[in-house]
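I opened this model to look up its salt bridges. My notes are below the display.

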Amino acid sequence: MSFVEYGDTIKDGDTAIVFLGHESMFPVKVQHGTVTQTKYGVIRHSTDLIGKKYGSKVTCSKGGWVFILHPTPELWTMNLPHRTQILYSTDISIITMMLELKPGSIVCESGTGSGSLSHALIRTVAPTGHLYTVEFHQQRAEKAREEFREHGVEHLVTVTNQDVCKNGFGVSNIADAVFLDIPSPWEAIGHAKSALKAEGGRICSFSPCIEQVQRTCLAMEEYGFTEINTLEILLRVYNVRTISLQIPDLGKAAEDNSSTAFDSSSPSDQGSPCANLQQGTVQFKSGVPLREVVGHTGYLTFATKSLV
Amino acid sequence: MEGGSSARIREGDCAVLKRDEVFKAVSVLRRRKIIFEKQWFYLDNAIGHIYGTTFEVTSGGNLQPKQEVEETTTETKEAGTDNRNIVDDGKSQKLTHDDIKALKDKGIKGQEIVQQLIENSTTFRDKTEFAQDKYIKKKKKKYEAVITIVKPSTRILSTMYYAREPGKIIHLRYDTLAQMLTLGNIHAGNKMIVMETCAGLVLGAVMERMGGYGSIIQMYPGGGPVRAATSCFGFPKPFFDNLHEFPLSKVQSLLSGTFTTETLPANPEENALLEEESNGLSEEKQTSLQETEEEPATEAPMEISTTEEQDTMDVNAEDVEFKGNKEKENVREKQIKQWERRKKLKEAAALLREKNADGLIVASKFHPTPLLLSLLEFVAPSRPFVVYCQYKEPLLECYTKLRERGGVINLKLSETWLRNYQVLPDRSHPKLTMSGGGGYLLSGITVVLEKGKSDSSNSEALKMEEPSSKRCKLQDLPC
């Protein structure tokens, strides 16, 4: 396996995702002779994992079972060890499209943080593109390097430990796109411009506060960026539920015979034999929003560097 | 393989014209009149310039690169503080409609017209600084017609289609498309199955993300795949080497093992080629084409005619000979074409039969449930799939049916909201309008399907996955 290439079977050294149930999963490094504890019991890597197909059901020692999944940047995002606040797949997807990333793209990113976005960027620009990522926190930079090595993508990424606002990205005139997720992006716009190719490219800055966005937009304008556009993307997830609503008793006349309209229509509509089991209720399927959802992650400001 | 074609505009390129937020896809041809945003011009002069160049339309419809003008209006001028004394008497502009028209006819630059309008506005000085700014912007937009020529990309084409022709892409908003590409883990080297009725926009987006590496099998309804939007991307030829197509109407026979290439669906080759040529870039004719595609009538006669042709050939062999070589050649050409089509169909069938695709993307006008239940058979375990639907309800059913089938986990029904912002000093706020809806997605991951065993066994894992199915089961019991 690698994060940029699918493999069929689980091998020694792979990073796999153990899926326990609804949104409950964790990553595991596959190693001969190692065991992993789950609430359903022990998984023995040598016998339970290595050589098995990704997507298989694995029975644990207590009889419960889990699925073993091939890693993807999206699964990694949901399971990675947080060293910082991270970007989630909803923002990542619009960033990737709006930066026009594809195989072969050269991207600059800062900061690396926990590497959530980095994995997605590497996946998209592989096998011929490259990611230059800058992280001023030494420990985080090293941890990121280690992860990229473990995930088989180190040839696609260069991690530099420096301050992007002071020292830039360490490259010039080679990037197709730049992404900034730092507290003061306006201080890095000049460096971003020089990292981008002479003939142009795209830039994106992620900031939680509108004041940051304002300063960034002013800086972008000052450096001649065009098509400056700020947006926000929000994810709404729906739970699929079968709902039954009671029909109120309005004291109908006896000969009226209980709500014929409902009784005749609901069973066929729902395809459920239970729909008219309990007299006086109507069942239907609904997509119910979660009780609480993410209302704000950050503003995304995009712009184009055009020409020299 | 990325087709790192030059950054310069070349003859024959597929390009996109941009004026403010309005886009139009065109193909760059000499001496071809283009009409865009009520203006007409030729692209001849744009050839050789770098993509991203902004042009002004000059008299005679020529394009001229716009020079960066130093804004002369930045000198601090007087401005009012509020509008308490500004009265709308309709007389603040001293220039009449005729005056403005005369200026335009004289061929005076838009910039100067705007300047004249400002000078002849009696209220301009009393407006607040912000209001002056807004006034100038509005007039500039009207009189200073500048066009930028940009390279096509998923970003630009999906924005363009959503704004101009949302009906043709079943209202798939660009952020929803972005979700699909990410949730589907689309990347170089994949073997993807794509089933779409979005004029080929989704196919193009997948092709862009795969950069010519890997393979794509496009499932199509009717006589052939529609790729009008795909052709706007201007992909290099090699990108099409591993693009396969397979008719939806043959899926059941392929799954049951009775598939043969004996009866081909209506000649997709010819249809598809014609479609691409006639409406590759001018999207106008597409609706009618889609309509004809839906007609099953076109399918049946084609099949019959091909077999009939062979019959008559056998019976009236002499006649054919008699009619001369030309017809003979035509017949042979047809046979060659048919042979090629059969070969391609066989290749696509072979790829599907391996049942090891790396993902499935569905964005169609059809009900998603039957598509999913069949097409997922071709996907390997531990691979993502994403289904788009303009409406939520069919995805609710699809969700339930997939649960019953098993072999899928992490099912998620979602929607994204997109909000655009105006960011200006002291004037930042969300834009006044936002899109009402960009469709819904159902995504998940395939796992090894254990035949015979119902996947909703009483494991704790599933109990956590879907409480509602449990509730249903309990109610099932007394029935």
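Entry one: the total. I worked on a predicted model.

Entry two: a pair across chains. I looked up Lys57(A) and found its side chain in a salt bridge with that of Glu450(B), at 3.7 Å from N to O. Lys57(A) sits in strand β5 (residues 57-59) of chain A, and Glu450(B) sits in the loop between β15 (440-446) and α16 (460-465) of chain B, so this pair joins two chains.

Arg10(B) and Asp13(B) form a salt bridge, with their closest N and O atoms 3.8 Å apart. Is Asp13(B) buried or exposed? Asp13(B) is buried, because its relative accessible area is 12% and the cut-off for buried is under 20%. Arg10(B), at 41% relative accessibility, counts as partly exposed.

I found the side chains of Arg125(B) and Glu78(B) in a salt bridge at 2.9 Å, N to O. Arg125(B) is in the loop between α2 (110-119) and α3 (129-143), while Glu78(B) is in the loop between β6 (62-65) and α1 (97-105), so the pair ties together parts that are 47 residues apart in sequence. Arg125(B) is exposed, with a relative accessible area of 52%.

Entry five: the network. Which residues are linked in a network of salt bridges? I noted Glu100(A), Arg202(A) and Glu227(A), together with Lys18(B) and Arg155(B).

Definitions and conventions:
Residues are numbered from 1 along each chain as its sequence is written. Chains are lettered from A and ligands numbered from 1 in the order in which they are written. This is a predicted model: local features need pLDDT of at least 70, side-chain atom pairs count only at pLDDT 80 or more; totals for chains, interfaces and linings use all residues. Side-chain values use heavy atoms; hydrogens and water are left out. A salt bridge is a side-chain nitrogen of Lys or Arg within 4 Å of a carboxyl oxygen of Asp or Glu. Helices (H or I, at least four residues) and strands (E, at least two) are DSSP runs, numbered from the N terminus. Buried means under 20% relative accessible area, exposed over 50%, partly exposed in between (1.4 Å probe, protein chains only).
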